[in-house]
Amino acid sequence: MAAPTTSPRHRALALLCLFLGRLWEVPASQIRYSVPEETVKGYIVGNISKDLGLEPSELAERGVRIVSRGRTQLFALSARSGSLVTAGRIDREELCAQGARCLFNFKVLVEDRVQLYGIEIEVTDINDNAPKFQAENLEIKINEITAPGIRYPLPEAVDPDVGLNSLQSYQLSPNHHFSLDLQTADDGTINPGLVLERPLDREEEAAHHLVLVGSDGGEPPRSSTAHIKVTVLDMNDNAPVFSQPIYRVTVPENVPPGTQLLTVRASDPDEGVNGEVAYKFWKISGKQSPLFQLNENTGEISTARSLDYEECAFYEMEIQAEDGGGLKAWTKVLISVEDVNDNRPEVIVTSLFSPVREDAPRGTVIVLFNAHDRDSGKDGQVVCSILESLPFQLENSVEDYYRLLTTQTLDREKTSEYNITVTATDRGTPPLSTEIHITLHVADINDNPPSFSQTSYSGYLPENNLRGTSIFSVTAHDPDSNENARVTYSLAEDTIQGAPLSSYVSINTDTGVLYALRSFDYEQFRDLQMQVMASDNGDPPLSSNVSLSLFLLDQNDNVPEILYPAIPTDGSTGVELAPRSAEPGYLVTKVVAVDRDSGQNAWLSYRLLKAREPGLFAVGLHTGEVRTARALLDRDALKQSLVVAVQDHGQPPLSATVTLTVAVADSIPDVLADLGSLEMPSNPEASDLTLYLVVAVAVVSCVFLAFVIILLALRLRHWHTSRLLQASGGGLAGMQASHFVGMDGVQAFLQTYSHEVSLTADSRRSHLIFPQPNYADTLISQESCEKKDPLCLSDDSRFPIEDTPLVPQAPPNTDWRFSQAQRPGTSGSQNGDETGTWPNNQFDTEMLQAMILASASEAADGSSTLGGGAGTMGLSARYGPQFTLQHVPDYRQNVYIPGSNATLTNAAGKRDGKAPAGGNGNKKKSGKKEKK
């Protein structure tokens, strides 16, 4: 039944021992060495590195050092040999006085493990001190009537050594009256005494001289001597007697110097000089004599200096009383020094591990210090404390050593520095305390990523910004320090419309300012979405990101674009038809426009900017519908030109204009019938471009006229030369006239260099058509060249002629001719031949040429703005299906060379698909040419 009861106790005791062992890992036994005193500095005491299980080189690496409590350090560590050596001269007598064993204890700290090892060194004694008497000369007075056998105490010799090296024996010089008596006290000390063996006779010998020798047992032995003079006195029958054999007194250590401790009293019944008693110290150590003083007349003992319990707590001395007759008495005085709380605790920091990493685990040792009090008892008991609000705790580890431990994980971002006040208080009355201040720095680790002030950012940027403009700025804060807090900004890789984000914006890695690398267009994209990353320079680096949205603000940078009516590529304008019977509000057409901007910048308004007859038409402000404002009258012109302006509501507003041509007629035939009676209106506000074109045409005409004159002069000269040759040679008579080119042929040849100017009445644009000259046609037929004619042979001719390519003449093309019924015109019944006629007025010519050019453009583009089908030149949709290509006359002028089958044609015009340029002649001129 006892086993179950005792087993839990044993287990609890084992667990407690295990816990204490883990709490402070210190070897159970101390390391002990011995060293003789009076050794030189550097004397090897022992191999401490071997005893600690370390290599000599590890002493410095592991921070091995000696810690002591403020006393003089007598030993040191040799980092080279790993040995414990003496730091200076060691005197055993100074350290331990008369102690049987002289032990010196200290601690060795291994800092990296925060472990303390106890070191105990015994200082062994050597015979370095000789016995020494307190007084080398001593006088003893003895009455001549003193009976033999009386013992007189002699002064002792003091030897600070111990053991055999201490005082071992006394010897007295030989004489007839005295002998040496040695007595051993309880503490082992030897007390010498002088014993009277034979009676003295003052008259025979008044003084006796003796020598006392004290010797120790060392090797070699040391000794000292004291000279004793014995004076023989006359009769004095009473010796002084002390009131107490032993005087005891207890005194606090803080008494001031001069304080009376006690009074010793000795009485002598004799009278006169024999009854007068004098006091003096008989036996007192050299260290004690300066502390006390004795009044030789009164026997009062007082302090000469301050007492210190920590230096000596007990004093023992002997007092001698001597009367005038030479009789003496001795007594012993014991003084006990009582400890008072006069010493504050001393705190010595042994190790301070600062700075400490903020990720140090709980229970990390921060400070190792020693707290002790030189007082004794409760006055020497020390209690240490710190503020409870700090994340640390104190732990008493070994004897009076304390450890300061962390109770939780530190956070440098909250507290980067701790000012720890350690208070050491003793248990005296009143208690005394000492404070030390320890500054602990917390080392930063990279445990915080950069953080942005907002979870997301958004900004606005007007479009059409300048390249390199600062568009936004982000800021991230890292609560860490130094490099761990240095933030670097970057943009996450992304693409926008197939292009990398880095081609649109860039970011300053140090400041977080974003810059635009190009000018943004709101119509291309309306916002930019990106991720901004902030990384610190820690190891490893930490980062965070935030989303940034940049919204573009639209600017009024796009002119309204007119979709209908579409502007033809050839510069002509569309024609809208308005019947004369149209009522007010009749929808003639609608202008359709769009603006690529948005918001207010895309709100469009329409207005009539210019009209030939104001008040006839009106344009819807928001719809763009062109309607009649009043009923059409007969006096209204057939052709109405309207300029419609489309304007947005941006700042500043942008606008575009379109010119509409409205034909006032009920049907297409009416339009064609009215064209003959119209004259081309003059445009007083013609643009400068028209003026420039007219000047250019005039210059070209002058150049062309000069060319014609030069050519005529050359031809006349050639003709004149030919006549001279004919007149002189006569070989040319009878040659057919068709072999020569006359003036009519020259005129026909020059027609290939003619030009045509086409100017519209309702447009500021002018169209100049310069047909290319035809160099393929020849003025001399191939048949005439086949004849053996001297003029056709360049090698036989006296006048060289440039080679001209000869092309055989093709027969006339009958497709060019129209019948009388097919010829359109204002009258419809003009007379003429089958070669076609010119229009009778310039307006008809302009309108039909514009239709032909528009149809040619439609054929080339493959699309028709007028909705016409193939072969109708796009006119059937507007003017009816009966109006086809066959109704359009061919205005090209055929020129025939009289007397030859050759014909001047515009081969270049045929190649280019353009209408050949017509001549300036009319129908009558053509008839005259045929007659010629």
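**Close-up views of a predicted model**

**Figure 1. Overview of the protein.** The secondary structure of the protein comes to 12 helices and 57 strands. The model is predicted. The protein has 932 residues, and 40% of them count as buried. Take the contacts between residues at least 6 apart in sequence: 67% of these join residues at least 24 apart.

Figure 2. Lys 328 is part of strand β25, which covers residues 328-338. The residue is buried and yet has no salt bridge. The nearest side chain of opposite charge belongs to Glu 322, at 4.3 Å. A polar atom of the Lys 328 side chain does lie 3.4 Å from the backbone oxygen of Glu 139. Leaving out residues up to four places away in sequence, Lys 328 touches Glu 139, Ile 140 and Lys 141, then Ala 239 and Pro 240, and also Gln 320, Ala 321 and Glu 322.

**Figure 3. Phe 104 and Phe 106, an aromatic pair.** The count of aromatic pairs comes to 15. One of them is formed by Phe 104 and Phe 106, with 5.8 Å from centre to centre. The planes of these two rings are 55° apart, and the pair is tilted. Phe 104 has a relative accessible area of 4%, so this residue is buried. Phe 106 has a relative accessible area of 5%, so this residue is buried too. Ring pairs also bring in Phe 75, which forms a cluster with Phe 104 and Phe 106.

**Figure 4. Phe 133 and Tyr 170, a pair between two strands.** The ring centres of Phe 133 and Tyr 170 are 6.1 Å apart. Their planes stand at 50°, so the pair is tilted. Phe 133 lies in strand β8 (residues 132-133), and Tyr 170 lies in strand β12 (residues 167-172). The two residues are 37 residues apart, and their pair links distant parts of the chain. Are Phe 133 and Tyr 170 buried or exposed? Both Phe 133 and Tyr 170 are buried.

**Figure 5. Arg 518 over the ring of Tyr 504.** Arg 518 lies over the face of Tyr 504. The distance from Arg 518 to the ring centre of Tyr 504 is 4.1 Å.

Methods. Residues are numbered from 1 along each chain as its sequence is written. This is a predicted model: local features need pLDDT of at least 70, side-chain atom pairs count only at pLDDT 80 or more; totals for chains, interfaces and linings use all residues. Side-chain values use heavy atoms; hydrogens and water are left out. Helices (H or I, at least four residues) and strands (E, at least two) are DSSP runs, numbered from the N terminus. Buried means under 20% relative accessible area, exposed over 50%, partly exposed in between (1.4 Å probe, protein chains only). Lys and Arg count as positive and Asp and Glu as negative; His and the chain ends are not counted. A salt bridge is a side-chain nitrogen of Lys or Arg within 4 Å of a carboxyl oxygen of Asp or Glu. A polar contact is a pair of N or O atoms within 3.5 Å; within protein, one must be able to donate a hydrogen and the other to accept it, and residues adjacent in sequence count only if both atoms are side-chain atoms. Contact means heavy atoms within 4.5 Å. Rings of Phe, Tyr and Trp (its six-membered ring) pair if their centres lie within 6.5 Å; planes under 30 degrees apart count as stacked, over 60 as edge-to-face and the rest as tilted. A charge sits over a ring if NZ of Lys or CZ of Arg is within 6 Å of the ring centre and within 35 degrees of the ring normal.
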